[in-house]
Amino acid sequence: MARTPTTTDAFNAVSEGSRRGLLDALGTGEATVGDLVDRLGLSQPQVSKHLAVLRAVGLVSVRVDGRRRWYRVNGPALQPVYEWVRSFESTWNNRLDRLDDVLGELQTKEELT
Amino acid sequence: MNSSIGNRYGSAVFTLPSDNEILVTREFDAPANLVFDAWTTPDLVKRWWAGDRGEVTEAQIDLRIGGRWRWVMTANGGFEVAFSGEYREIDRPHRLVRTEVFEMFPDAEAVSTITFDESNGVTTLRILGHYPSQEHRDAAIASGMEGGLQTSLDELERLLLQAA
């Protein structure tokens, strides 16, 4: 599945491990770049770079409070990613539920013989 | 034993353990040899692999190292979804390793490690898909979705728009 090489949508943005780490860290609440540097063990330029990507696709928003900038996750923007994954999960659930049925039938047969 | 049928519906857990892997985990109230056979016997595969999303029209299984497998389903929407590959490890009823290609994206060959761990009559099935790259893995997630197209047209459309 071809996808644009640059980070232009939520799918690409979350495809990078450090950015998922940032989203996880922000999932617990607002944080400043300094907080995130401490928590993730990344350098300040790295954190700023990834935050810029996440902001560009709308996954993270920022609130300016005096001289501090507070970052937080923008939940609705993650919805397409969530649904994409959920759809895969639902395909497998459906398939394995049928497998469950087949196994149940096989065991019933074994009990009868 | 039959009374438990249906209790575990919808309980498959899907995770992304690393950037190029997919893991699906599901428990079954059945012995491991039976679950293993359900993955390696054409007549049994035909009964579950398409789920409710279509019909399995082909389930070729040449169960030996280097032997080929090819499973095809015709989805309710009328289109065909075909997966194929080769068996790499066969250790009944514990472990099955096979290569796996979604034929619409033949470059994205995955190695799928399927394990069957039985404990107290419950078998935990783990399907670990290992892809050559993250992009390939993401394509595979999209392909899993196509099997569910009938119920997911809107999502497919959105994905295609984003991929274009």
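**Group meeting: a two-chain predicted model**

Buried residues make up 32% of the 164 residues in chain B, where buried means that 20 or more other C-beta atoms, placed from the backbone, lie within 10 Å of the residue's own; 12 or fewer counts as exposed, and in between as partly exposed. In chain A, 30% of the 113 residues are buried.

Some housekeeping. This is a predicted model, in which local features need pLDDT of at least 70 and side-chain atom pairs count only at pLDDT 80 or more, while totals for chains, interfaces and linings use all residues. Residues are numbered from 1 along each chain as its sequence is written, and chains are lettered from A and ligands numbered from 1 in the order in which they are written.

Confidence next. The model scores ipTM 0.77 and pTM 0.69. For single residues there is pLDDT, the predictor's confidence in each residue, from 0 to 100. The mean pLDDT of chain B is 81, with 82% of its residues at 70 or more. Chain A averages 83, and 89% of its residues score at least 70.

I will start with chain B. Along the sequence the pattern is β-β-α-α-β-β-β-β-β-β-α-α.

Two strands are called paired if DSSP finds at least two bridges between them. As background, strands of a sheet pair through backbone hydrogen bonds, either parallel or antiparallel.

Now the individual pairs. Strand β2 (residues 21-28) of chain B is joined to strand β8 (residues 122-130) of chain B by 8 bridges, and the two run antiparallel. Phe28(B) has Thr123(B) in β8(B) as its bridge partner.

Angles run from 0 to 180 degrees between N-to-C directions, and axes are lines fitted to C-alpha atoms, for helices over the stretch in contact.

Further along, strand β4 (residues 68-75) and strand β5 (residues 80-91) of chain B pair over 7 bridges, in the antiparallel sense. Arg68(B) has Glu86(B) in β5(B) as its bridge partner. The hairpin of β4(B) and β5(B) has 4 residues between the strands, and in it Gly78(B) takes a positive phi near 100°. β5(B) also pairs with β6(B), antiparallel, over 6 bridges, and the hairpin joining β5(B) to β6(B) goes through 3 residues. In that pair, the bridge partner of Phe83(B) in β6(B) is Phe102(B).

One loop residue to look at is Arg53(B), between α2 (42-48) and β3 of chain B. Is Arg53(B) buried or exposed? Arg53(B) is buried, because 24 other C-beta atoms lie within 10 Å. Arg53(B) and Met73(B) are 20 residues apart in sequence, and their C-alpha atoms are 8.9 Å apart in space.

Over residues 146-164 of chain B, pLDDT stays under 50; the model has 33 contacts beyond four places in sequence for them.

Chain A now. It has 5 helices and 2 strands, running α-α-α-α-β-β-α from the N terminus. The axes of helix α2 (residues 17-27) and helix α4 (residues 44-56) of chain A come within 10 Å and cross at roughly 80°. α2(A) and α4(A) are therefore roughly perpendicular to each other; the cut-offs are 65 to 115 degrees for that, under 35 for roughly parallel, over 145 for roughly antiparallel, and oblique for the rest. Ser18(A), Arg19(A) and Leu22(A) in α2(A) meet Gln46(A), His50(A), Leu51(A), Val53(A) and Leu54(A) in α4(A).

Last, helix α3 (residues 33-40) of chain A has the highest mean pLDDT (94) among the elements of chain A, and helix α1 (residues 10-13) of chain A the lowest (73). Residues 1-6 of chain A have pLDDT below 50.

How values were computed:
Two residues are in contact if their C-beta atoms, placed from the backbone, lie within 7 Å.
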